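Please open the structure in a viewer and keep the selection panel at hand.

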Amino acid sequence: MMCEDYQAPGRIKRRSDLCPAPKAIRHDRLYAHKLLVIGLETLFLLRISVRFRAMNDATPIKTAQPQVLRKVKFDHPDVTADGAPRASVVLNQLETLWINTGTLCNIECAHCYIESSPKNDRLVYFPAADASALFDEIGALGTGTVEIGFTGGEPFMNPEMLVMAEDALARGFEVLVLTNAMQPMQRPRVAKGLLDLKERFGDKLRLRVSLDHYTQALHELERGKGTWAPVVKGLDWLAQHGFHMSVCGRTCWHETEAISRLGYARLFADRCYPIDTTDPSRLVLLPEMDESADVPEITQACWSILSVDPNDMMCATSRMVVKRKGEDRPTVLPCTLLPYDAAFGMGDTLKASFGADGGMFSDGAVKLNHPHCSKFCVLGGGSCSVHAEE
Ligand code: SF4
């Protein structure tokens with residue numbers, strides 16, 4: 001028997017073929033009975049359907065409510081998942097303006113927070129003309145900015161990196177470049193330009209080199225095979241030419257900070273790098289950033305509970321500008337850590353960013369509504385803007 005025997009009404013009669021009664025009258029009674037059953041079933045289903053639709057029409061909120069009330073972290077800008085007021089950070093003074101020079105990089109690290117690679121150009125090379133306009137705006141607004149930081153990607157991939165650095169230095173800013181010190185920095189044109197800037201501006205020009213661990217094995221575990229020798233070559237060159245240099249490492253290696261600093265100290269002593277590894281501004285150790293990790297949200301009460309000062313957050317003293325692919329204007333962001341999230345865009349000028357309101361901002365203050373705010377900044381104590389103690 002095929003299922004089609006039960007589908008078309010005209011074929012119901014064929015069920016009689018299966019019945020054992022040969023008499024026509026029995027056939028007719030059975031047929032009539034079947035029709036009655038089908039009719040009753042249809043009526044029943046129709047009534048259920050009408051009642052179900054009526055319920056939905058009358059109480060649409062009841063069906064949607066479980067999703068609306070589901071506790072989701074980092075969802076609402078003003079309150080955490082359990083309803084507490086979310087912490088925010090006010091910009092005290094724009095001490096450092098970070099410029100993201102573009103996301104292209106000569107290498108691809110295993111855990112790059114910004115996913116830089118030789119292919120990623122989501123943030124395009126930042127143009128020197130846009131940087132110049134921002135420096136003008138800093139002057140016009142009188143923001144008291146002392147430092148221009150450049151980060152990438154690899155900043156020395158940007159063909160206008162030296163132009164921007166010179167512009168900033170000539171205006172009296174200190175310049176800090178975060179680099180992997182590999183081939184892009186070591187190209188003759190760039191090396192010559194750096195020597196020239198150092199000659200003219202001295203220690204106002206500073207370079208911070210990423211060295212994820214003081215051993216080749218763990219550094220290359222993060223950055224890839226063959227990355228140790230070029231970075232050591234770059235560090236050697238910076239040290240030999242007397243640049244103001246610092247190193248940035250990671251704290252993800254299951255060793256104490258003291259052990260870590262000791263390991264770097266031995267390496268630096270071996271290679272004659274003039275870096276005091278006890279100075280957190282010369283050996284910057286950053287926590288890992290894992291967006292998928294389950295981290296607590298930061299409420300207003302957390303500041304006192306954790307004894308953390310909101311003024312120590314990077315977004316209390318800095319902003320970052322990026323140029324997104326396909327966009328004509330730069331975008332100002334609260335910090336270096338949230339380069340892609342459109343919700344954290346504060347405007348296309350510094351002035352606009354200072355008054356950003358609504359969503360993630362309140363009159364220029366930043367609401368800590370991102371896992372990085374918790375894991376990296378408040379709980380991890382990480383910041384790209386680490387200055388020497390006064
Ligand atoms: S990630 Fe850190 S610096 Fe950036 S907005 Fe959050 S708390 Fe501020």
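Which residues are the closest to the ligand? Select the ligand and its surroundings: of the 14 residues around it, the closest are M314, C315, C335, C373 and C377, where a residue counts as near if its C-beta atom, placed from the backbone, lies within 6 Å. The model is a predicted one, in which local features need pLDDT of at least 70 and side-chain atom pairs count only at pLDDT 80 or more, while totals for chains, interfaces and linings use all residues. Residues are numbered from 1 along each chain as its sequence is written.

Next, colour the shell by residue class. Twelve of its residues are nonpolar, two are polar and none is charged; the nonpolar class is Ala, Val, Leu, Ile, Met, Phe, Trp, Tyr, Cys and Pro, the charged class is Asp, Glu, Lys and Arg, and the others, Gly among them, are polar. Select helix α12, residues 371-378, which gives the most to this shell, with three residues. Helices (H or I, at least four residues) and strands (E, at least two) are DSSP runs, numbered from the N terminus.

Now move to strand β3, residues 147-151. Five of its five residues are buried, so the strand is largely enclosed by the rest of the structure; buried means that 20 or more other C-beta atoms lie within 10 Å of the residue's own, with C-beta atoms placed from the backbone. On one side are E147, G149 and T151, and on the other I148 and F150.

Strand β2, residues 96-100, runs parallel to β3 and is joined to it by five bridges; I99 has F150 as its bridge partner. Strand β4, residues 174-179, pairs with β3 in the parallel sense over four bridges, and E147 is partnered by E174.

Then select the open, antiparallel sheet of three strands, ordered β1-β11-β10. β1 (88-89) and β10 (361-362) are at its edges with a single partner strand each, so one side of each has no neighbour in the sheet. In β11, A365 stands opposite S362.

Finally, colour by pLDDT, the predictor's confidence in each residue, from 0 to 100. The mean is 85, and 79% of residues reach 70 or more. Over residues 1-28 the pLDDT is below 50. Where pLDDT is low, the predicted coordinates should not be read in detail.

Definitions and conventions. Contact = placed C-beta atoms within 7 Å. Pairing = 2+ DSSP bridges. Buried ≥ 20, exposed ≤ 12 C-beta atoms within 10 Å, placed from the backbone.
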